[in-house]
Amino acid sequence: MKTSTGVASSLILRLDSRSPTPLHEQLFEGIRARILAGALAPGLRLPSSRQLATELEVARSTVLQALDALTAEGYLVAQAGSCTRVAPELPILAGDRSHEPGLPAAARASSVGPRLAASARALKASLVGAPRLGAAPRAFRPGVPALDLFPTALWARTVSRVHARASTGLLDGGDPSGNAPLREAIATHVSVSRGVRCSSAQVFITAGTQQAFDEVLRLALNRGDSVWVEDPGYPGARRAVLAAGGRPVPIPVDGDGLDVGAGLARAPRARVALVAPSHQYPLGVTLSLARRMALLQWAERTRALIIEDDYDSEFRHRGRPLTALQGLDDAGCVVYVGTFSKSMFPGLRLGFLVVPPSLVDVFSAARASAPAPASTMEQAALAVFLAEGHFARHLRRMRAAYRERGEALLEALHSDCSGVLTPSPCDTGMQVCASLAAPLSDLHVRDGAARLGVEVAALSDYSLGRRRESGLVFGFGGVRPDDMRAGTRALARAIEAARRR
Ligand SMILES: Cc1ncc(COP(=O)(O)O)c(C=O)c1O
């Protein structure tokens with residue numbers, strides 16, 4: 001930018017003596033904004049402090065305070081003889097009006113913004129149509145556990161006990177891989193309840209599933225590598241692949257789970273397969289044994305990695321939970337991802353990875369630069385919660401509650417929506433999928449239901465490639481049995497309205 005040696009005859013500044021912002025700060029901001037906007041050119045001499053004080057009708061000390069601050073921050077340079085100039089080498093681009101005062105903040109921010117990776121654009125596009133995050137859940141938002149039954153007082157006592165007795169090691173941040181007693185407790189828990197084969201050294205604490213996906217994919221993928229993702233599937237999985245610069249390849253899911261044969265045909269050289277074998281989301285199906293074996297054989301043959309998302313299979317309503325895929329993995333291809341978002345509460349933001357022995361070193365190295373992104377106190381409190389048996393008791397109660405709530409939902413759907421909605425069997429977890437009779441559009445029904453205060457998800461929202469049959473996904477975990485009918489009655493009205501469209 002051209003520098004100037006002339007004198008700014010007037011700064012055309014107006015100060016507001018009634019504003020809560022002190023006058024010297026207003027003056028500071030006014031001059032700074034003009035410099036950044038290029039209205040006061042580099043090298044330009046400012047009027048003397050005395051002249052400015054007279055022009056602006058303020059005390060000279062007010063002017064001096066502002067000029068001193070601008071000089072200290074490098075916008076102005078003071079020269080011998082008390083002359084003050086705009087700094088001669090400010091890196092401001094000619095024509096840049098982005099800091100001009102008077103423009104609203106939104107208008108000042110460029111509508112284009114800094115250039116980002118192509119993956120960032122794909123990530124942004126993937127949010128279109130996604131439910132608004134952060135709003136309080138209503139019936140039947142999928143993925144919400146029975147928060148009304150969480151033993152809040154017991155948890156609060158456990159957390160406060162841990163805080164009161166915290167060692168300096170705990171206050172300092174602890175092991176970057178996670179709290180040792182918690183890793184130990186998790187290793188024991190998943191071997192007993194999920195058939196996972198591991199030692200505590202293979203367990204890494206995460207801030208939930210999404211962060212676990214990010215961490216694994218960052219280590220596994222080079223830019224543009226293909227990843228099998230289930231179609232329909234969990235939107236968080238696809239987003240994590242996009243965020244890591246990978247290419248999600250939709251692989252269809254049928255009654256036997258992920259169609260491994262289709263995966264082999266579409267992307268045989270994929271680096272990663274991201275699957276929920278025990279309770280696929282959102283269809284709720286289980287990956288058959290034949291496909292589990294085919295998936296493991298493919299991964300072993302091509303040295304691909306399988307990420308097993310085991311988000312809610314602790315909650316098999318009756319009988320023993322199914323064994324995890326990781327328990328069948330002799331070649332060390334599976335990274336098992338668990339979360340406490342369902343078994344405790346989503347706001348806890350705690351989960352874990354179980355990595356194969358061959359990957360322990362690289363994950364430990366990764367943690368040296370990005371330690372466990374979770375509070376050491378909460379980790380320690382969770383370790384106590386598990387060790388004292390509260391977690392196992394809570395799981396037992398939840399299993400019974402989900403069985404009761406699932407049955408109540410199926411009865412309510414039968415009473416209010418039979419003939420239009422056909423639910424799949426519901427023996428695990430806290431959501432169920434139901435197909436919608438043709439020609440009803442699941443998107444129309446979803447939107448109509450939302451207007452009546454009912455929050456169902458449309459199966460189409462989870463589909464990536466081909467169009468699927470119309471269907472709705474119901475979360476029943478957070479809905480009390482007595483409240484089911486109010487939801488299904490409103491839903492029946494929304495279906496009726498969609499039929500008349
Ligand atoms: C398929 C699936 N995986 C994982 C999660 C849990 O995610 P997080 O642990 O990040 O809360 C959910 C939550 O709804 C889910 O539906």
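I count two strands as paired if DSSP finds at least two bridges between them. Helices (H or I, at least four residues) and strands (E, at least two) are DSSP runs, numbered from the N terminus.

This is a predicted model, where local features need pLDDT of at least 70, side-chain atom pairs count only at pLDDT 80 or more, and totals for chains, interfaces and linings use all residues. Residues are numbered from 1 along each chain as its sequence is written, and side-chain values use heavy atoms, with hydrogens and water left out.

Sheet. I found four strands in an open sheet, ordered S11-S12-S14-S13, with antiparallel pairing. S11 (421–423) and S13 (457–458) are the edge strands, each with a single partner strand, so one side of each has no neighbour in the sheet. I then looked at S12 (residues 431–436) and S14 (residues 471–475), which run antiparallel and are joined by five bridges. Val432 has Phe474 in S14 as its bridge partner.

Helix pair. H16 (residues 442–451) packs on H17 (residues 484–499) at about 130°, with the axes 8 Å apart. That makes H16 oblique to H17 (under 35 degrees is roughly parallel, over 145 roughly antiparallel, 65 to 115 roughly perpendicular, the rest oblique). Axes are lines fitted to C-alpha atoms, for helices over the stretch in contact, and angles run from 0 to 180 degrees between N-to-C directions. In contact (heavy atoms within 4.5 Å) are His444, Val445, Gly448 and Ala449 of H16 with Leu491, Ala494, Ile495 and Ala498 of H17.

Domains. I noted domain 1 (2–108), domain 2 (182–392) and domain 3 (396–499), with bounds from an automatic or database domain assignment. The C-alpha centres of domain 1 and domain 2 are 57 Å apart.
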